[in-house]
Number of protein chains: 2
Amino acid sequence: MNQKLEFTSTCPVKTQHSEKILLGHGSGGKLTSQLIENVFLPSFGTSSDILHDGAFLKIGNSELAFTTDSYVVQPLFFPGGNIGDLAINGTVNDLAMCGARPLYLSCGFIIEEGFPVEDLIHITQSMKTSVESVGVQLVTGDTKVVEKGKGDGLYINTSGIGMIEKERISPLSIQPGDVVIVNGDIGCHGTAIMSVRENLEFESTIQSDTQELYSLVHSLLQENIPIHCLRDPTRGGLATALVEIAEARKVGIEIDEDKIPINPVVKGACEFLGLDPLYVACEGRMIAFVEQSYAARTIEIMQSFGNEPRVIGVVNEQHPSLVTAKTFIGTKRILDRLTGDQLPRIC
Amino acid sequence: MNQKLEFTSTCPVKTQHSEKILLGHGSGGKLTSQLIENVFLPSFGTSSDILHDGAFLKIGNSELAFTTDSYVVQPLFFPGGNIGDLAINGTVNDLAMCGARPLYLSCGFIIEEGFPVEDLIHITQSMKTSVESVGVQLVTGDTKVVEKGKGDGLYINTSGIGMIEKERISPLSIQPGDVVIVNGDIGCHGTAIMSVRENLEFESTIQSDTQELYSLVHSLLQENIPIHCLRDPTRGGLATALVEIAEARKVGIEIDEDKIPINPVVKGACEFLGLDPLYVACEGRMIAFVEQSYAARTIEIMQSFGNEPRVIGVVNEQHPSLVTAKTFIGTKRILDRLTGDQLPRIC
């Protein structure tokens with residue numbers, strides 16, 4: 001419970017006063033946004049694109065999305081996946097969240113000297129499987145090797161180009177009255193990683209939810225669901241993603257904690273680890289903002305992908321830029337971005 | 001001299017027999033190609049694109065180039081540049097070598113915990129300057145932080161999308177009789193890095209040659225120079241680049257060592273360090289394969305960019321896939337790819 005309160009408190013460390021990079025600067029939460037605002041935006045301009053995971057580009061007669069992510073997950077192999085399929089699914093999903101069909105990927109490896117070639121083969125074969133399952137092409141790559149002790153086995157960067165299938169899927173398209181839907185239970189990926197890292201065993205093994213989301217997005221678009229915004233809640237979890245969206249669109253979002261699907265084993269693990277599941281990363285889940293009248297059809301389509309989708313909230317005009325959560329005991333709390341480094345290196 | 005002989009010997013370490021990744025697997029030379037052939041190609045398919053730094057894509061009505069590179073240079077700051085401008089120029093140059101106008105870049109940072117924010121600001125400001133000077137846009141990014149001791153200050157990945165200005169600039173377009181031209185003196189970048197790393201002082205400071213090459217390529221294309229192939233000799237240097245091209249096109253390339261421009265200070269430093277300048281990386285130099293009748297005009301245009309361009313060789317049919325060098329003493333040697341890890345982490 002203390003942990004939960006901590007998440008909603010204001011972070012006292014401002015990037016401009018911190019002379020050193022902290023682990024939390026890579027958490028995807030408050031320190032990451034401060035780093036972007038104070039260091040990257042002054043150098044790279046004020047384009048709003050840089051505040052999102054993907055950029056929208058117009059090249060010739062094509063509307064494209066372009067995105068990049070480096071993967072530094074530790075351990076490299078975890079229940080349900082490894083850094084290889086994570087690196088493909090993660091970038092495919094960033095494109096899908098832009099409403100884009102993933103076309104081409106690049107891949108850059110930074111390998112630590114002494115890394116087993118057998119593990120590298122295992123990882124690249126997982127990447128091949130993931131690439132083929134979504135129909136994207138891996139077309140260009142790069143390999144660097146660093147001395148022993150200057151890396152951590154393997155880091156992978158994937159960048160991706162996608163073709164926009166539906167324009168204006170963005171926080172700016174959200175309307176008051178839209179419902180907030182998640183396509184399944186949250187928190188599996190982060191909890192799976194933490195369980196392995198802490199060498200914990202629960203009544204059943206927690207599997208990462210890493211999977212590609214393009215097929216689901218494509219189905220929703222094929223069925224003409226009026227999707228206003230999509231987001232995959234990775235680093236920083238569901239809560240941070242919602243806060244980013246509410247602030248970008250200057251609307252309020254009210255969610256009902258009771259309705260958020262969480263696997264009981266994950267819930268137990270989070271309690272044990274002192275984590276708030278709302279801040280735990282997913283790698284195969286998405287939040288969709290949809291017109292209320294399409295909620296039932298959206299849920300049906302999501303169900304056909306074999307998950308546990310739920311309407312968890314609604315967009316309002318009353319509390320601009322605020323995300324409020326009705327708690328299990330009936331009170332309300334204001335959700336803030338993730339502060340500090342609750343879960344370093346989960347992706 | 002021993003060092004030189006070593007470069008032309010066959011490397012005894014085959015990737016399939018090496019159970020661990022070696023520093024040389026990231027050298028851009030023979031071990032790197034073995035890694036690509038034995039690990040990456042079996043997973044990622046036999047597309048010839050993966051053998052080059054950039055892929056050619058057709059999207060809508062546009063012909064595009066797409067490329068990625070991770071930068072792990074050490075030290076991060078060196079005479080003439082830093083990892084930031086290197087990461088921009090390097091990816092811009094890979095696009096330019098495809099005959100493409102650089103349009104959009106992505107940027108992924110992997111930062112080691114404890115890295116000084118001041119250095120990060122310095123580096124991002126260099127990136128801004130480089131981005132602006134070439135007119136490319138940095139549109140999307142990502143930041144990860146790893147624990148102290150799991151990185152080496154900062155690694156940067158940049159990926160880039162460019163619009164093809166002239167099609168079929170590729171090793172496959174080379175014709176026997178083409179001349180081989182370099183736009184300036186070679187080996188500055190690698191020697192500058194090694195001098196700083198080894199804490200050596202020469203009669204004058206050796207500056208990295210890091211610079212963007214798009215402006216020069218654009219001028220050559222504007223003047224309708226029939227360029228058949230372009231390559232920037234980075235990791236593995238001039239010799240490795242020529243060998244890769246000769247093998248890809250199955251032609252012979254004969255160069256005259258006497259004609260290769262090398263700054264005397266760089267030459268002296270290479271002798272001192274036991275390096276063959278033909279294998280030392282450049283970051284602002286390119287090799288152009290051009291019809292012989294256009295050699296003089298090409299040299300003139302290159303001179304207007306303030307360098308020391310020279311015709312260094314010619315393409316022949318006599319020795320398919322072989323690069324031969326006429327040495328200073330009149331003998332000939334066969335050049336092979338760089339073996340081992342002569343210069344780890346120079347980019």
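**Note on the predicted two-chain model**

1. By class, eleven nonpolar, three polar and four charged residues line the largest cavity (nonpolar: Ala, Val, Leu, Ile, Met, Phe, Trp, Tyr, Cys and Pro; charged: Asp, Glu, Lys and Arg; polar: the others, Gly among them). The lining comes to 18 residues, and B:Gly26, B:Ser27, B:Leu343, B:Pro344 and B:Arg345 lie nearest the cavity centre. The volume of this cavity is about 130 Å³. A cavity is a set of points on a 1 Å grid over the protein atoms alone where a 1.4 Å probe fits but cannot get out, and lining residues have an atom within 4 Å of a point. Points are joined across faces, edges and corners, and the volume is the space filled by probe spheres set on them. Four cavities of 30 Å³ or more are counted by this rule.

2. This is a predicted model, in which local features need pLDDT of at least 70 and side-chain atom pairs pLDDT 80 or more, while totals for chains, interfaces and linings use all residues. Residues are numbered from 1 along each chain as its sequence is written, chains are lettered from A and ligands numbered from 1 in the order in which they are written, and side-chain values use heavy atoms, without hydrogens and water.

3. Over all chains there are seven aromatic pairs (ring centres of Phe, Tyr or the six-membered ring of Trp within 6.5 Å; planes under 30 degrees apart are stacked, over 60 edge-to-face, the rest tilted). A:Phe66 and B:Phe66 make an edge-to-face pair, at 6.4 Å centre to centre and 75 degrees between the planes. The pair joins two chains, because A:Phe66 is in strand β2 (residues 62-71) of chain A and B:Phe66 in strand β2 (residues 62-71) of chain B. A:Phe66 is buried at 0% relative accessibility, and B:Phe66 is buried with a value of 0% (buried: under 20% relative accessible area; exposed: over 50%; partly exposed: in between; 1.4 Å probe, protein chains only).

4. B:Phe40 and B:Phe44 are stacked, with centres 6.1 Å apart and 5 degrees between the planes. Both lie in helix α2 (residues 30-44) of chain B, four residues apart, about one turn of the helix. Helices (H or I, at least four residues) and strands (E, at least two) are DSSP runs numbered from the N terminus. B:Phe40 is buried at 4% and B:Phe44 is buried at 12%. A cluster linked by ring pairs holds A:Phe40, A:Phe44 and B:Phe109.

5. Two lysines sit over rings of the partner chain. A:Lys144 lies over the face of B:Tyr71, 5.7 Å from the ring centre, and B:Lys144 lies over the face of A:Tyr71, at 5.7 Å. The criterion is NZ of Lys or CZ of Arg within 6 Å of the ring centre and within 35 degrees of the ring normal.

6. Most residues other than glycine have a negative phi, and most peptide bonds are trans. A:Gln74 and A:Pro75 are joined by a cis peptide bond with omega about 5 degrees; A:Pro75 is in the loop between β2 and β3 (77-78) of chain A. B:Gln74 and B:Pro75 are likewise joined by a cis bond, with omega about 5 degrees. A:Ser321, not a glycine, has a positive phi of about 70 degrees and is partly exposed at 24%. B:Arg168 has a positive phi of about 60 degrees, lies in the loop between β7 (154-164) and β8 (179-182) of chain B, and is exposed at 63%.

Notes:
On a 1 Å grid over the protein atoms alone, a cavity is a set of points where a 1.4 Å probe fits but cannot get out, and a pocket is an open set with protein on both sides within 12 Å along at least five of seven lines; lining residues have an atom within 4 Å of a point.
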